[in-house]
Amino acid sequence: MNSSSMPPRILIVDDELAHMRALCDTLRGQAYDTTGLASGEAALALLAAESFDLLLVDLMMPGMNGIAVVEAARQIDPDLACIIMTGEGTIASAVQAMQAGALDYVVKPFKVSGILLILARALETRQLRIANARLELLLRQHTDELDAMNKDLQLAREVAERANQEKTTFLSSMSHELRTPLTAILGYGELLQMQVQNPQANLAEVGNDISRIQAAGTHLLALISDILDLSKIEA
């Protein structure tokens with residue numbers, strides 16, 4: 001596609017050399033960059049190597065006719081604007097040209113003012129096609145980005161839900177773990193208090209209860225330390 005500061009490039013294909021050259025000269029005088037060829041085969045070879053904005057091709061030519069040239073040219077460049085011109089126009093050939101992808105169909109001889117309007121309309125249609133294609137591409141890109149973001153959000157939500165579930169399970173387990181040594185401490189503390197109040201208490205049994213209280217306290221302290229370390233990690 002040419003820059004907006006460059007004149008539109010038009011490829012004119014007509015086996016009538018005099019008509020082709022006259023048309024090239026006329027359109028060149030109207031600020032178009034024109035190139036003329038006498039066969040469809042030569043036109044397709046050039047289109048494969050260079051970029052043009054518009055193809056103006058004669059319908060009846062030796063070898064490939066204009067409709068075949070338009071079909072093959074749009075395979076090379078789908079954005080290429082194509083116009084078919086003919087000296088013997090029929091409704092059937094006009095419909096066939098449009099089905100092949102031509103934007104317009106003109107009958108020779110034609111006035112310069114008429115062909116200029118047709119060229120301008122075809123080039124404008126081409127620009128609209130390109131702009132629409134860009135918008136569709138941007139829309140697909142934004143849609144893909146939104147889909148990716150939604151997938152990331154869903155993944156983050158699932159991770160958060162798993163983390164919350166694991167935290168709930170951990171807290172439930174930790175609550176049980178904390179209650180076990182605390183219950184032991186309270187229970188042996190009550191036994192110890194009863195033994196101290198009993199003058200006939202067995203000192204060995206008292207010592208065992210004290211050891212059990214110390215062990216339970218040490219266990220409880222270790223659990224609390226683990227909880228504090230976990231809190232630091234989360235922070």
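A residue is termed buried when its relative accessible area is under 20%, exposed when that area is over 50%, and partly exposed in between, as computed with a 1.4 Å probe on protein chains only. By this criterion Thr86 is buried, with a relative accessible area of 2%. The model is a predicted one, in which local features need pLDDT of at least 70 and side-chain atom pairs count only at pLDDT 80 or more, whereas totals for chains, interfaces and linings use all residues. Residues are numbered from 1 along each chain as its sequence is written, and side-chain values use heavy atoms, with hydrogens and water left out.

Thr86 lies in strand S4, strands being DSSP runs of E with at least two residues and helices runs of H or I with at least four, numbered from the N terminus. Leaving aside neighbours within four places in sequence, Thr86 is in contact (heavy atoms within 4.5 Å) with Asp58, Leu59, Tyr105, Val106, Val107 and Lys108.

Strand S4 (residues 81-86) pairs with strand S5 (residues 104-107) in the parallel sense over 4 bridges, pairing requiring at least two DSSP bridges between the strands. Within this pair, Ile83 stands opposite Asp104 of S5.

Elsewhere, Gly40, Leu44, Leu47 and Ala48 of helix H2 meet Val69, Ala72, Ala73 and Ile76 of helix H3.
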